[in-house]
Amino acid sequence: MAKNLAHKLIEQHLVSGKMTPGEAVQLKIDQTLCQDATGTMVMLEFEALGLPAVKTEVSAQYVDHNLIQADFKNADDHLFLRSASRKWGLWYSRPGNGISHAVHMSCFGKPGKTLLGSDSHTCAGGSMGMLAMGAGGLQVALAMAGTPFSLTMPEVIGVKVTGKLPPWVSAKDVILEMLRRYDVKGGVNKIFEYYGPGLDNLTAMDRHVIANMGQEMGATASVFPADENLRAFLKQQGREEDFTEMAADDGASYDGEEHIELSELEPLIACPSSPGNVVTVREVAGKPIYQSYIGSSANPGLRDFVIPAKMLEGRTVPEEVSLDINPSSRQLLEEISRNGDLNLMLQAGARLHQTGCNGCIGMGQAPASGRISLRTVPRNFPGRSGTKEDQVYLCSPETATASALFGKITDPRDMDMDYPSFTEPEQLQDMRPLLLAPRDPEKEVPVEIQLEKGPNIQPLPDFGPLSEILSGPILLKTGDNVSTDEILPAGTEILPLRSNIPAISHYTFSRIDESFYDRAMAHNGDCFVIGGENYGQGSSREHAAIAPRYLGVRAVIAVSMARIHRRNLINFGIVPLLFKQPEDLAKLNQQDMLSFSDLPNQLASDKTVSVQTADGNTLELTHNMSEEEVATVIAGGLINEVRKHHLSD
């Protein structure tokens, strides 16, 4: 029977379960990656579990988020992560090497492998014929130790790609078109597999752009074949020997079908404040801008900087516009320095920032209040930029550059020049010598490596098992599409606290209700949060589960939930419940009292859960947890469950 590529990858790594959509499956993980904003927690979890060493083929720790060293916190975290990498056998990428996804693709990505990362945009690795997925840090820590990764078997949507992109349209417009069709929740529990003759016209880095932002649709993964374009990329990186051809069989079937004709696309833009709020650039053209920002994990390729450089050549950006250049890797920065493209951008008035994630995660480069910022980043959730009530638009490098030159949102097709040509160089500088390799036990004398912990690095809180009787107030009622940025924000003030749960918990839900922390501390007991559709969309940050749990949240009840956050709730003992009837959300209000009786038994015996409301009525809820997930949440979280059943020997 003809198989699609996603099914081949899953079948080759299947440990248990049936490959039927909706069924629980477990997969062997070959590679993992962490970045520093999530990696500190991963390493603390690895330590808490008492695990001796990583067992994957490749595990890598990158420093790319917390780069601003305004005080000791970020610097201390970097030392901690380096020592943890040496102790347990990970590759370590120092500050300045670049964004984890771009660097991992250059150094380690390999067709046919599974990749699990504690960053939601790990799915970018699907551009290389890999099954690449984001997850909470605790699941990544367990994968590092050789434990299979549990997930719900997704549907596979085949996306047939035909044609060739017209001038001034690029890969960012392809994924924005997908977001226009699917919005931010249409891809939940789906893998998007791209195939067809149009892929011949998309480079490996073009595919990275598309796969990266598949996460913004809520997708489990995006998958591209490993073909001659990927072979050329690996040859460019000095790793052609890592190439293995991977593709769907002829006549393979899918659970759903899409078609993208590249030649019919035009420049698109996602308006504030959602990646799914997509319109054509023509529809919003003419609005004055404050900032254009080029570079991120969503547009990390060389062409994403060379094309803007050629557009800027001999021109000057107006003084009222900030054109921010964020190189995605040291390799890329070296190349645009050598070939002169960096000079073209600087001579036009661009500002050069350090190599890393930077403003994409709110670490600097916040726009002026009340002003428009055009960005080639993957997300524009409210306040994510660091400016409250920001106006961030997501677009291609071409649109960002044309708009910077005109001082207003501009369709790049209005440029008075031919579309610049670009050809990938045959070879780029190998980045691996700048990474710290794991110790080789056969060549190095065994030593006991001590973890370097600064005063901001605090141990994980201990969370107890789920009580039989659970009662308390609804401490917060939210709406639809609440993001992890709104549950636990990022930014220069908050990101450095990732290794200190008591401190970071002060900011829990602060973008929705600044009084939440004070009210939770005053209540000092069990409480609940309720919400609408797609609760917890966005980042893989497990702090958005840990901090609420630390403040007493024992259950979240929503109309629907995003995949990664739902699992993070389970991992830390918060029960993810769903309204059986979506209209029941309107019957509950903030501060209403709820009471569950015999909740562990209810969860284990049935998919329906009853809760008593303050007026004495009974409301029926449901859940979609597997037996393994139910056991985890009853135990009070995955650490408790693993210690009890898997590490007892």
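Where is Lys185 found? In this predicted model, in which local features need pLDDT of at least 70, side-chain atom pairs count only at pLDDT 80 or more, and totals for chains, interfaces and linings use all residues, Lys185 is found in the loop between helix H6 (171–182) and strand S10 (190–195). Residues are numbered from 1 along each chain as its sequence is written, and side-chain values use heavy atoms, with hydrogens and water left out. Helices (H or I, at least four residues) and strands (E, at least two) are DSSP runs, numbered from the N terminus.

Lys185 has a relative accessibility of 32% and therefore counts as partly exposed, a class that lies between buried (under 20% relative accessible area) and exposed (over 50%), as computed with a 1.4 Å probe on protein chains only. Although Lys185 and Asn534 are 349 residues apart along the chain, their C-alpha atoms are separated by 6.3 Å. With neighbours within four places in sequence left aside, Lys185 is in contact with Met217, Asn481, Glu533 and Asn534, where contact means heavy atoms within 4.5 Å.

Gln237 lies in another loop, the one between helix H8 (228–236) and strand S12 (256–261), and is buried, with a relative accessible area of 4%. Residues up to four places away in sequence not being counted, Gln237 touches Ser106, Gln331, Leu428 and Arg432.

Helix H8 also meets helix H7 (residues 204–212), the two axes coming within 9 Å and crossing at roughly 105 degrees; axes are lines fitted to C-alpha atoms, for helices over the stretch in contact, and angles run from 0 to 180 degrees between N-to-C directions. H7 and H8 are therefore roughly perpendicular to each other, a term that covers angles of 65 to 115 degrees. Ala204, Met205 and Arg207 of H7 make the contact with Asn229, Leu230 and Phe233 of H8.

Helix H5 (residues 137–144) is mostly covered, with 8 of its 8 residues buried; among them are Leu138, Val140, Leu142 and Met144. Just after H5, Gly146 takes a positive phi of about 95 degrees.

The structure holds 0 disulfides, a disulfide being a pair of cysteine sulfur atoms within 2.5 Å. Cys123 is in no disulfide, and the nearest cysteine sulfur, that of Cys360, is 13 Å away. Cys123 is buried, with a relative accessible area of 2%, and Cys527 is likewise buried, with a value of 0%.

Key: Parallel < 35°, antiparallel > 145°, perpendicular 65-115°, else oblique.
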